[in-house]
Amino acid sequence: MSGCGCEVELKNTEQKHVLYWLLGINALMFFVEITVGLYANSTALIADSMDMLADAIVYGIALYAVSRTLKHKTNAALISGYFQLTLGLLIIFDIVRRIVGEGEPHSWFMIGYGFVALIANVICLVLIRKHNNGEVHMRASWIFSANDVIANMGVIAAGVLVMLLDTRWPDIVIGSVIATLILRGAYLIITDAKKELSKAESTSENNSCSGSKSKSCS
């Protein structure tokens, strides 16, 4: 039926379903990884848990944006990017703390829970794959999930290297790489969102001018 808006409603319902799953998986994995990371004294696991927290916050914001205007969705993506930026900086702070502190990470916990987190994030990636070229808030979700898979493989690699080399430095290095990925993701999302916001404002201004006979629009 022409003009009924059914396609939009279906897409919004599908987006909500996907985002609820992403939010639940990432929130659960944050609590698991932060607990294990603190116990295992692993910077990489703590960094990955913070990445999970950032994603959970982002998906919550994206849920708010579903069914709303493009400007709401763009602002949601922008806020998501700033959350990512903040958590990336917090991870760097923890890395500095670990460098000047003491304590060796437990490699087997890093490897084991790295695999658990990898499986969780592959599931997230599969769920979001159809939306990676969609609206800005869904593109942001795709970037987070793709970065998470890379980060999880890094945690596993760090655990293996810690075990083989008997040193904490692989853990610190991988934690730094994860922080870099988070900061890069934040940059991409903020840049994308600002472009969309500028485009939305330009479209709104043009529409306003087309409906007005004011000379200031010419």
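The model is predicted: local features need pLDDT of at least 70, side-chain atom pairs count only at pLDDT 80 or more, and totals for chains, interfaces and linings use all residues. Residues are numbered from 1 along each chain as its sequence is written, and side-chain values use heavy atoms, without hydrogens and water.

Start with the loop between α1 (6-40) and α2. Helices here are DSSP runs of H or I with at least four residues, numbered from the N terminus. N41 sits in this loop. Its phi is positive, about 60°, although N41 is not a glycine. N41 counts as partly exposed because its relative accessibility is 22%. Buried means under 20% relative accessible area, exposed over 50%, and partly exposed in between, with a 1.4 Å probe and protein chains only.

Next comes S42. S42 caps the N-terminal end of α2, with a side-chain oxygen 3.4 Å from the backbone nitrogen of A44. A polar contact is a pair of N or O atoms within 3.5 Å; within protein, one must be able to donate a hydrogen and the other to accept it, and residues adjacent in sequence count only if both atoms are side-chain atoms.

Helix α2 covers residues 43-65. The expected span of a helix is 1.5 Å times one less than its number of residues. For the 23 residues of α2 that gives 33 Å, and the end C-alpha atoms are 33 Å apart, which agrees. In α2, 19 of the 23 residues are buried, so the helix is largely enclosed by the rest of the structure.

Move on to α4, residues 107-128. Its 22 residues reach 31 Å from first C-alpha to last, close to the expected 32 Å. Buried residues in α4 include M110, L118 and C124.

Finish at D166, in the loop between α5 (136-165) and α6 (169-210). D166 has a positive phi near 55° and is not a glycine. D166 is exposed, with a relative accessible area of 69%.

How values were computed
Helices (H or I, at least four residues) and strands (E, at least two) are DSSP runs, numbered from the N terminus.
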